[in-house]
Structure formats: structure tokens, C-alpha cells
Amino acid sequence: MFWSALPALMLHQFEEYVFPGGFLSWFNREVFRSASDTSPMSPKIAFVLNVLIGWPLFAMVGYVGLSQLWFTMPMMGILFVNAWFHIALSISSNRYSPGTFTAILVTLPLSLYTFFYYVMTWEIGFRLLFLSILI
């Protein structure tokens with residue numbers, strides 16, 4: 001399950017930036033209310049956050065898996081909150097947020113199932129679940 005986090009993230013980012021794409025301009029205009037498609041979030045910042053930081057961190061999620069739940073569960077929390085971010089902003093703006101389809105179909109179900117499974121098997125308690133979502 002933890003190995004699927006990186007491919008899920010990559011598929012989600014593919015929807016955001018490649019097909020149909022347009023996440024940066026949407027994010028800058030809708031979230032930051034900027035007049036620019038590339039400011040304050042520039043393509044360079046997006047690349048650093050998503051590829052240079054995000055991909056290695058989510059690769060580590062797959063690598064360490066169950067042995068480091070203090071790390072893996074908050075990373076799954078990032079997928080969970082990101083999915084809700086897309087869904088909530090699409091609903092509130094009445095506009096499609098690039099990334100919403102994979103948020104609904106991939107990252108939200110993966111994160112929910114992960115949380116459900118590890119809480120129900122008593123691998124994690126509600127404190128770590130709460131902190132994972134909060135972080």
C-alpha cells in the first residue's frame with residue numbers, strides 16, 4: 001500500500017501539469033488571487049516542491065513503509081489533505097481544479113483506506129491519525 005503512494009502522487013501531478021494541466025495558473029489566480037499565471041507560485045518553485053522534494057519523500061514512504069509509521073502516516077495525510085483541497089476548491093469556485101479527478105479517484109481513496117486499515121488493525125492510534133492529517 002505504501003509503495004502505491006509515489007505512483008498515485010505522480011498520476012495526480014500528471015493531471016495537474018500535463019493532461020489537462022493548468023494547475024499553476026489556476027492555483028495562482030484562484031487561491032492567491034494573483035493577476036499572473038506564474039506568480040507567486042512559479043514553475044521553478046512547483047518543480048522543486050513536486051519533483052525534487054515530493055518524489056523522494058514519497059519514494060521513502062514506500063521504502064520504509066510499516067517500519068516508520070511516524071513518517072509514512074503523515075505523508076499519507078498530505079495526500080489526504082491535498083485531495084480535499086482540490087475537491088473543496090472545485091466546489092467553492094464552481095470550477096474544475098486541475099487534479100480533482102485523481103484526487104477523487106486515486107489519492108483520497110488510497111489515503112482513506114490506509115488510515116482505515118491501520119486504525120482498525122491497531123497499528124496506529126487516533127493520536128497519530130489526527131497528527132497525520134494535521135501535519
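Predicted model: local features only at pLDDT ≥ 70, side-chain atom pairs only at ≥ 80, totals over all residues.
Most residues other than glycine have a negative phi, and most peptide bonds are trans. Tryptophan 122, although not a glycine, has a positive phi of about 60°, and with a relative accessible area of 71% this residue is exposed; the cut-offs, for a 1.4 Å probe and protein chains only, are under 20% for buried and over 50% for exposed, with partly exposed in between. Arginine 33, which is not a glycine either, has a positive phi of about 55°; this arginine follows α2, is found in the loop between α2 and α3, and counts as exposed because its relative accessibility is 63%.

Two peptide bonds also deserve a look. The bond from phenylalanine 19 to proline 20 is cis, with omega near 0°, and proline 20 belongs to the loop between α1 and α2. The bond from serine 39 to proline 40 is cis as well, with omega near 5°, and proline 40 has its place in the loop between α2 and α3.

Moving on to the helices, α2 (residues 23-31) has as its buried residues Phe23, Leu24, Trp26, Phe27, Asn28 and Glu30, and what covers them includes α1 (5-17), α3 and α4. Leaving aside neighbours within four places in sequence, proline 43 is in contact, meaning heavy atoms within 4.5 Å, with Leu24 and Thr38. Its relative accessibility is 45%, so proline 43 counts as partly exposed.

Now to the packing of helices. Two packed helices are described by the angle between their axes and the distance between the axes. The axes here are lines fitted to C-alpha atoms, for helices over the stretch in contact, and the angles run from 0 to 180 degrees between N-to-C directions.

For α3 and α4, the angle is about 135° and the axes are 9 Å apart, which means that α3 is oblique to α4; angles under 35 degrees count as roughly parallel, over 145 as roughly antiparallel, 65 to 115 as roughly perpendicular, and the rest as oblique. On the α3 side the contact involves Leu57, Phe58, Met60, Val61 and Val64, which meet Phe71, Thr72, Met75, Met76, Ile78 and Leu79 in α4. These residues divide into 10 nonpolar, one polar and no charged, where Ala, Val, Leu, Ile, Met, Phe, Trp, Tyr, Cys and Pro count as nonpolar, Asp, Glu, Lys and Arg as charged, and the others, Gly among them, as polar.

For α4 (residues 69-93) and α5, the angle is about 140°, with the axes 8 Å apart, and therefore α4 is oblique to α5. The contact is made by residues including Met76, Leu79 and Phe80 of α4 and Thr107, Leu108 and Ser111 of α5, and its residues divide into 14 nonpolar, seven polar and no charged.

What does serine 111 touch, not counting residues up to four places away in sequence? Serine 111, in helix α5 (residues 100-120), touches Met76, Leu79 and Phe80. This serine counts as buried because its relative accessibility is 0%, and a polar atom of its side chain lies 3.1 Å from the backbone oxygen of leucine 108.

I will end with threonine 102, which is also found in helix α5 and counts as buried at 10% relative accessibility. Its side chain makes a polar contact with the side chain of glutamate 15, at 2.6 Å; such a contact is a pair of N or O atoms within 3.5 Å, and within protein one must be able to donate a hydrogen and the other to accept it, while residues adjacent in sequence count only if both atoms are side-chain atoms. Leaving aside its neighbours within four places in sequence, threonine 102 is in contact with Leu11, His12, Glu15 and Thr107.

Conventions:
Residues numbered from 1 in each chain as written. Heavy atoms only, no water. Helix = DSSP H or I, 4+ residues; strand = E, 2+ residues; numbered from the N terminus.
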